[in-house]
Amino acid sequence: MIICWEMKGRTIDSKTVNIDTVRRYVMLVFSVLFLLVMFNTSALAQEQRFPRPEFDSGYEQPNVIQPAPRSPYMEYVDLFVLIVVLSFATWLVIKKRSRRMIFWTSVFSLAYFGFFREGCICPVGSLQNVVLALVDPTYALPLTVLLFFLIPLVTTLFFGRTFCAAVCPLGAIQDIVAFKPLELPKWLQKTLGLIPYLYLGLAVLYAATKTDFLICRYDPFVGIFRFDAQFEMLLLGGLLLLIGVFVARPYCRFLCPYGVLLGWMSAFSKKHLTITPSECIQCKLCVNSCPFGAINEPVAETGKRRTGVKRLLNYLMIIPFWMVIGGLAGSLLHVPLAKFNKTVYLAEQIVGTPEVLEDLDNIDVQTFLQSEESIDELVLRAESILSDFYWGGWILGAFMGLVIGLTLVKLSVHRGRKDYEPDKVNCLSCGRCIDYCPVKESNGNDGSNIKK
Amino acid sequence: MSEKTENSKNYGRRDFIEKGMRITLGLGLAGVAGITALKGDKGGYVWQLDPFKCVRCGRCADYCVLTPSAVKCYHVYDLCGYCDLCGGYLKPDANDLGTAAENQLCPTSAIRRRFIEDPYFEYDIDKELCIGCGICVEGCTSFGNGSLHLQVSHEYCVNCNECAIARVCPADAFMRVPVSSPYLIKGDFTVGTATGSE
């Protein structure tokens, strides 16, 4: 207040004031105030240093404008669109059997969920919110997010991955650029196919320890949807699209963690896309049409059922070993894994290299020093997070061991098959094979060819 | 597979396993839905920052997925002293107490100064120009009343599932707040009472 009063008149007629005097005065006042701030700890509480003046001129104080966020009702609109598009896509895949219409539906989804809604929130990322809601008592899962997570999974449980075919914007953008898909060798497909499980495990681990939302952070296409992102994000997106020209839908097949859940659902789905509308004539045309290698060829029964069962039992027996080995590896990796956690990283920095305490450019450390927390408290907090990571590492490793064990079991199991069939786990229900099948619908027995 | 000549017992078993797994998975989903829906509320969340926790590090300007950042400076007129010599408006080493750009602290000249009555001035933020760097906030908080502070401006914020700034905020000032009360304006609440989920 004194300053205001002291400065009164000087700026009104600034020509009469010696600039240097003013500057020196300003600097002096600022320095004194600064020292006051530094030594007065209660300044954190931010008391009003200069009371609000009483105005004589009838000045009316404006209100602080607080623009409202996007109406929550719009989220219900998104939900409605999801349900409508998903139902339509499912109908197209199961009943109508039209690749062209599936494609255009996916273009619509790309436009709406991708470019219009700018990618958030999508079912892929929602799985982290679900995990967070399960572990964090302060976080209540919004109903729309829960439904975004559940609806595609439930649909897949009944009709296969129709969500991937025409609703997911991430899938749609890759599907459009798949111009020259090459066939990857089976061993490579199987090996790369393990990555999504790892990604899912890591995403759950990091969401459960409240470290990060990995899936959102490394979402490759959200930057493209928004025409704006950090360089790494755009680079990742561009790279995946480039790879996607030759390897169809690389994100869906070799990264997408939600695809793992969808695959589990689809494996036991009640209905599924069928390649032919009636009887398969073994023409092999469909195999070339599938850019994802998701069509299983016929396998003759060998008749040696006994040895097969024995082998299966052997592979099942070693699954626990895989899980222990994986868990051990995961628990050993918990320290590097926990480095992504802000608290752990800060504590490690301060304990490991105490000279960072002097580094005035290290914003994180300086902010911590300003806070009321002591180093011991920080270390305790970090240790508790580290122990979460230790047990999380065990679970993640055991999960990966189980996945590897089951993959081996699946590879060794000899399952007789007479016709060309979509691989229910990996088939994205895109419908390309439908166009290639020369068999016409004969007796109205639509879709009865595969399974009863 | 659907050949009727196939061993029907074999298919009975496969069908049984498939159906059993389907029911198991369905029950699993229902369980997850039940647990999360029990404590779930119908409203959503938006991101907001607690101005009392904020340390004006400047990362809000750099780490938002939007350019310029959705974090903007907000001016709480109630707390403002309407000072002529404003720590948030003028550089500490300003040549002159005027409105010339070289005297202003704001790198984009987003603070507008308007004469009210002798010796009081009103300060306004042009949000189109503000980049959320917090330089003025630092000045105002250090030398003044702290009436300038940062907030996530929801006309810009795209409400990412995980806020890119929250990830790097050194003060953990970012939190999810209910969409029904999307702002944490100083004066509306006191230090340490902001509630939300981090």
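Two residues are in contact here if their C-beta atoms, placed from the backbone, lie within 7 Å. With that in hand, welcome to a set of close-up views of a predicted model, in which local features need pLDDT of at least 70, side-chain atom pairs count only at pLDDT 80 or more, and totals for chains, interfaces and linings use all residues. Residues are numbered from 1 along each chain as its sequence is written, while chains are lettered from A and ligands numbered from 1 in the order in which they are written.

**View 1. The interface between chain A and chain B.**
Here 82 residues of chain A are in contact with 74 residues of chain B. On the chain A side, the elements that give two or more residues include α1 (2-7), α2 (19-39), α3 (72-96) and α5 (123-135); helices are DSSP runs of H or I with at least four residues, strands are runs of E with at least two, and both are numbered from the N terminus. Helix α2(A) gives the most to this side, with nine residues. Sorted by class, the chain A side has 47 nonpolar, 14 polar and 21 charged residues. For these classes, Ala, Val, Leu, Ile, Met, Phe, Trp, Tyr, Cys and Pro count as nonpolar, Asp, Glu, Lys and Arg as charged, and the others, Gly among them, as polar.

**View 2. A:Pro72 at the chain boundary.**
A:Pro72 lies in helix α3 of chain A. Leaving aside residues up to four places away in sequence, A:Pro72 touches B:Gly43, B:Gly44 and B:Val179. A:Pro72 counts as partly exposed because it has 17 C-beta neighbours inside 10 Å; a residue is buried with 20 or more other C-beta atoms within 10 Å of its own, exposed with 12 or fewer, and partly exposed in between, with C-beta atoms placed from the backbone. Within chain A, the C-alpha atoms of A:Pro72 and A:Thr144 are separated by 9.4 Å, and these residues are 72 apart along the chain.

**View 3. The nonpolar cores.**
A nonpolar core is a set of buried Ala, Val, Leu, Ile, Met, Phe, Trp, Tyr and Cys residues joined through C-beta atoms within 7 Å. The largest one has 147 residues, and A:Ala89, B:Ile165 and B:Phe174 have the most contacts inside it. Helix α10 (residues 195-208) of chain A gives the most to this core, with eight residues. Not counting residues up to four places away in sequence, A:Ala89 touches A:Ile102, A:Thr105, A:Thr162, A:Ala165, A:Ala166 and A:Val167.

**View 4. Helix α20 of chain A and its cover.**
In α20 (residues 342-352), the buried residues are A:Thr343, A:Val344, A:Leu346, A:Ala347 and A:Ile350. Seen down the axis of α20(A), they fall within an arc of 165 degrees, so they line one face of the helix; the arc is that of the directions from the helix axis to the C-beta atoms. Their cover includes α19 (334-338), α21 and α22 (375-412) of chain A.

**View 5. Two domains of chain A.**
Chain A is divided into domain 1 (75-297 + 423-436) and domain 2 (305-412), with bounds that come from an automatic or database domain assignment. Their centres, taken over C-alpha atoms, are separated by 28 Å. Eleven residues of domain 1 are in contact with twelve residues of domain 2. Helix α10(A) supplies the largest share of the domain 1 side, six residues.

**View 6. Cis peptide bonds in chain B.**
The peptide bond from B:Thr67 to B:Pro68 is cis, with omega near -5 degrees, and B:Pro68 sits in the loop between α2 (59-63) and β2 (71-75) of chain B. Another cis peptide bond joins B:Asp118 and B:Pro119, with omega about 0 degrees. B:Pro119 is found in the loop between β3 (111-117) and β4 (120-125) of chain B.

**View 7. Positive phi in chain B.**
Most residues other than glycine have a negative phi, and most peptide bonds are trans. B:Asn159 has a positive phi of about 55 degrees and lies in the loop between β5 (148-152) and α4 (164-168) of chain B. With 21 C-beta neighbours inside 10 Å, B:Asn159 counts as buried. Phi of B:Asp172 is also positive, near 50 degrees. B:Asp172 counts as partly exposed, with 15 C-beta neighbours inside 10 Å.
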